[in-house]
Amino acid sequence: MPTSSDMTTHTDPALLDALQHQVAVFARRAEQSRLGGVGQARNSMDRAAYLLLNRLDQEGPMGVKALAAGMGIDSSTVTRQVAPLVDSGLVSRATHPEDGRAVVLQLSERGHARLDEVRTSRRALMALVTEGWSEPEREAFTTLLTRFNSSLADITTSLTPAGPAS
């Protein structure tokens with residue numbers, strides 16, 4: 001793996017400085033607005049809840065360990081974040097279909113409805129923010145942001161020291 005000094009020798013340092021500044025500004029603005037959407041659903045669901053509900057919606061019922069692994073976070077963090085979602089009826093616990101002793105988490109009907117409401121609100125915000133953009137510009141930005149997030153996740157994973165073997 002190249003060292004950080006290897007990576008900066010081929011790229012203009014001023015460009016990398018501008019990139020890191022824009023990422024920092026984006027992070028601050030995203031946190032300020034929580035990118036929660038527009039209308040009544042604005043700021044009505046925190047990022048952790050949205051990401052968990054979205055993952056369960058996209059991948060279906062799963063255990064805490066699988067959910068944590070798929071999101072790149074610790075099982076104890078998922079357990080802590082899921083508890084209020086279960087308490088509020090957005091997520092339900094069910095018996096694993098193949099192993100009656102295991103428990104899986106799944107999106108409830110209420111969770112599906114709430115997630116749809118929040119997605120609609122966030123979609124409206126993205127439309128508003130990119131109102132002057134062409135469809136190809138939106139697609140290019142989405143592609144590059146997805147690539148950026150994937151690279152960041154890969155680097156974060158490779159820099160995280162491995163815990164005890166389980």
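Trainee: Let's start with phenylalanine 141: is this residue buried, partly exposed or exposed?
Mentor: Happy to, and keep in mind that this is a predicted model. The relative accessible area of phenylalanine 141 is 41%. Buried would need under 20% and exposed over 50%, so phenylalanine 141 is partly exposed.

Trainee: How is the ring of phenylalanine 141 arranged against that of tryptophan 133?
Mentor: The structure holds one aromatic pair. Its ring centres, those of tryptophan 133 and phenylalanine 141, are 5.4 Å apart, and the planes stand at 90°. Planes over 60 degrees apart count as edge-to-face, so the pair of tryptophan 133 and phenylalanine 141 is edge-to-face.

Trainee: And what is the relative accessibility of tryptophan 133?
Mentor: Tryptophan 133 counts as partly exposed, a class that lies between 20% and 50%. Its value is 33%.

Trainee: Which ring does the charged end of arginine 122 sit over?
Mentor: Look for the ring centre that lies 4.1 Å from the charged end of arginine 122. A charge over a ring has to be within 6 Å of the centre. The ring in question belongs to tyrosine 50.

Trainee: Is serine 108 buried or exposed?
Mentor: Serine 108 is in the loop between strand E2 (103–107) and helix H6 (109–129). Its relative accessibility is 13%. The limit for this class is under 20%, so serine 108 counts as buried.

Trainee: Which residue has its backbone oxygen 3.0 Å from a polar atom of the side chain of serine 108?
Mentor: Setting aside neighbours within four places in sequence, serine 108 is in contact with Gly89, Leu90 and Val91. One of these supplies the backbone oxygen at 3.0 Å. That residue is leucine 90.

Trainee: Which residue's backbone oxygen lies 2.9 Å from a polar side-chain atom of threonine 120?
Mentor: Threonine 120 is found in helix H6. At 46% relative accessibility, threonine 120 counts as partly exposed. The backbone oxygen at 2.9 Å comes from aspartate 116.

Methods. Residues are numbered from 1 along each chain as its sequence is written. This is a predicted model: local features need pLDDT of at least 70, side-chain atom pairs count only at pLDDT 80 or more; totals for chains, interfaces and linings use all residues. Side-chain values use heavy atoms; hydrogens and water are left out. Rings of Phe, Tyr and Trp (its six-membered ring) pair if their centres lie within 6.5 Å; planes under 30 degrees apart count as stacked, over 60 as edge-to-face and the rest as tilted. Buried means under 20% relative accessible area, exposed over 50%, partly exposed in between (1.4 Å probe, protein chains only). A charge sits over a ring if NZ of Lys or CZ of Arg is within 6 Å of the ring centre and within 35 degrees of the ring normal. Helices (H or I, at least four residues) and strands (E, at least two) are DSSP runs, numbered from the N terminus. A polar contact is a pair of N or O atoms within 3.5 Å; within protein, one must be able to donate a hydrogen and the other to accept it, and residues adjacent in sequence count only if both atoms are side-chain atoms. Contact means heavy atoms within 4.5 Å.
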